[in-house]
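User: I am new to this structure. Please show me how to read its features one by one.

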Amino acid sequence: MPIVNPILHVEKLIMTNKCSSDSAKDQLDANNDGTDFDVINDLAVINDLDLIDDLDLIDDLDLIDRNFMTQALLLADTAAEHDEVPVGAVVVFEGQVIASGYNRPIADHDASAHAEINALRAAGKVLGNYRLPECTLYVTLEPCTMCLGAMVHARIKRLVFAASEPRAGAVESQLALLDQTFFNHRIEWRGGMLAQESSDKLKQFFKRRRA
């Protein structure tokens, strides 16, 4: 059976110009401004997991979200390996991971270098547009105010996050910003996908840091 894009199958969309993992990587390389995103350059490897060749396995959106969140969790591991808080994010367009990011504020000397911001910047370069209206962003921790604001400006279509952030989460834990009516863009969202796995990584990271 030929490889079929699960998201487009579930949503019953017709894809005419699918961006392959190789072409996405080439675009990233061509547009790279010198920032060292280690995992972004491994999109070909990441996208090996994106396409599932047995449609019987794709019976609901849970499996799709689980697949992409698993990839975001791998990026969280990369952040931890660099002694950054383990948060990872991927941007998905037409069933393909086109961009990824993980926390890098310490390495980049940049307070804004959260996983979501890095992924959004990379996705904008791939698509040649700061607007990302047909993209879904997967992130392993509930976004903060800064990251959520950036998603609204980018016109992200859908947000999926794993663990809640009780102290400063801007989606449901504290501000519930996406429920407000003053934004000129609405983002569909879902929380709790692989939340325990993400929470465990965060707890282990801070336990090691305190030791």
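Analyst: We will take confidence, fold, salt bridges and cores in turn.
This is a predicted model, in which local features need pLDDT of at least 70 and side-chain atom pairs count only at pLDDT 80 or more, while totals for chains, interfaces and linings use all residues. Residues are numbered from 1 along each chain as its sequence is written, and side-chain values use heavy atoms, with hydrogens and water left out.

User: What average pLDDT does the protein have, and where does pLDDT stay under 50?

Analyst: pLDDT is the predictor's confidence in each residue, from 0 to 100. Here the average is 80. A score of at least 70 is reached by 72% of the residues. Residues 1-58 stay under 50. The model has 94 contacts beyond four places in sequence for that stretch; a contact means heavy atoms within 4.5 Å. Where pLDDT is low, predicted coordinates should not be read in detail.

User: How many helices and strands are there, and in what pattern?

Analyst: Helices (H or I, at least four residues) and strands (E, at least two) are DSSP runs, numbered from the N terminus. This protein has 8 helices and 5 strands. Along the sequence they follow α-α-α-α-β-β-α-α-β-α-β-β-α. Among contacts with a separation of 6 or more, 60% join residues 24 or more positions apart.

User: What share of the residues is buried?

Analyst: Buried means under 20% relative accessible area, exposed over 50%, and partly exposed in between (1.4 Å probe, protein chains only). Of the 211 residues, 45% are buried.

User: How many salt bridges does the model have?

Analyst: A salt bridge is a side-chain nitrogen of Lys or Arg within 4 Å of a carboxyl oxygen of Asp or Glu. By that rule there are 7. One of them pairs Arg190 with Asp62, at 2.3 Å from N to O. Arg190 is in strand S5 (residues 188-191) and Asp62 in helix H4 (residues 61-81), 128 residues apart.

User: Where is the salt bridge of Arg121 and Asp110?

Analyst: The closest N and O atoms of Arg121 and Asp110 are 3.7 Å apart. Arg121 lies in helix H6 (residues 115-127), and Asp110 in the loop between helix H5 (105-108) and H6. Arg121 is partly exposed at 40%, and Asp110 is partly exposed at 24%. Elsewhere, salt bridges with shared partners join Asp62, Asp65, Arg158 and Arg190 into one network.

User: Which residues touch the most other members of the largest nonpolar core?

Analyst: A nonpolar core is a set of buried Ala, Val, Leu, Ile, Met, Phe, Trp, Tyr and Cys residues joined through side-chain atoms within 4.5 Å. The largest has 32 residues; Val91, Leu137, Leu148, Met151, Ile156 and Leu159 touch the most other members. Elements giving two or more residues include strand S1 (88-93), strand S3 (135-141) and helix H7 (145-154). H6 gives the largest share, 7 residues.
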